Amino acid sequence: MMSYNFSDFKNILEQWKIPFSEKQQEQLTVYYEMLVEKNKVMNLTAITEFEDVLEKHFLDSIAIARYIDLTGDLSVIDLGTGAGFPGMPLKIMFPDLKITLADSLNKRILFLNEVIDELQLEGVTTVHGRAEDLASDIIYREKYDLCVSRAVANLSTLSEYCLPFVKLGGSFISYKSGEIEDELTSAKKAIFLLGGKTKDVVSFQLDGTDINRSFVVIGKDKKTPKTYPRKSGMPSKKPLH
């Protein structure tokens, strides 16, 4: 295992009042090395330089902890996790979280299983499937305190994918780029139909970078009608407006 410079990363976590142990540093290092190695044979990320991965994947994933308390044993589902973002860095930094990493591509899930085994993580599971199918399964539907997603889709579509997984009183938090006013406006009806309510929008610049970020926090006030999510492909082809 090579030695990497975590000093800036540590300083930012210190500012955020998030503890960072040697074990966590080792786990992030192994995760990074496995990510870059696997990326040679399958497309996991366009970002591979260590500093860039630290900022644009690891810090970006963890930034949510500045705005929501993740220190308890919350049940969290990361929908469209891809190479494991934000769920895997959150699990490493907050070991008590009960995390489900869900993705529609089985090759990514197999990679994440390798990482979980290598890091000997407990309380984290993976599931292969499309959101439309998983959300109709009683094992997953309305079972989570928190759903997070960094997936690239408009907020209306993401809400239809994600809110069905959130239990009453829980939240869906969407990781978005800085400018989201138009998306918020066009997603208003969808969020209402799905039993949600926009509670907060936090916009900020990621420390030490020029990355503008927004977290859209949507609370779950009512049960999601059984008709949602609609059948495969519909939420993205015809978003609710």
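The sulfur of cysteine 162 lies 3.6 Å from the closest cysteine sulfur, that of cysteine 147, which is too far for a bond. A disulfide is defined here as a pair of cysteine sulfur atoms within 2.5 Å, and by this rule the count comes to zero disulfides. Cysteine 147 is accordingly in no disulfide, its nearest cysteine sulfur being that of cysteine 162. The structure is a predicted model, in which local features need pLDDT of at least 70 and side-chain atom pairs count only at pLDDT 80 or more, whereas totals for chains, interfaces and linings use all residues. Residues are numbered from 1 along each chain as its sequence is written, and side-chain values use heavy atoms, with hydrogens and water left out.

Cysteine 147 has a relative accessibility of 0%, and for cysteine 162 the value is 0%.

Cys162 is one of the buried residues of helix H7. Helices (H or I, at least four residues) and strands (E, at least two) are DSSP runs, numbered from the N terminus. Helix H7 spans residues 155–162, and because eight of its eight residues are buried, H7 is largely enclosed by the rest of the structure. The buried set also includes Leu155, Leu158, Glu160 and Tyr161. The N-terminal end of H7 is capped by asparagine 154, with a side-chain oxygen 3.0 Å from the backbone nitrogen of serine 156.

In helix H1 (residues 7–15), the buried residues include Phe9, Ile12 and Leu13. These cover an arc of only 100° around the axis, and therefore lie on the same side of H1; the arc is that of the directions from the helix axis to the C-beta atoms. Asp8, Glu14 and Gln15 are exposed on the other side of H1. Packing of the buried H1 residues is against helix H2 (22–39), helix H3 (50–62) and helix H4 (87–93), where contact means heavy atoms within 4.5 Å.

The largest pocket holds about 580 Å³ of space. A pocket is an open set of points on a 1 Å grid over the protein atoms alone, where a 1.4 Å probe fits, with protein on both sides within 12 Å along at least five of seven lines; lining residues have an atom within 4 Å of a point. Of the 28 residues lining the largest pocket, Gly80, Thr81, Asp103, Arg108 and Ala151 lie nearest its centre. H7 supplies the largest share of this lining, three residues.

Note on methods: Buried means under 20% relative accessible area, exposed over 50%, partly exposed in between (1.4 Å probe, protein chains only). A polar contact is a pair of N or O atoms within 3.5 Å; within protein, one must be able to donate a hydrogen and the other to accept it, and residues adjacent in sequence count only if both atoms are side-chain atoms. Grid points are joined across faces, edges and corners, and a volume is the space filled by probe spheres set on the points.
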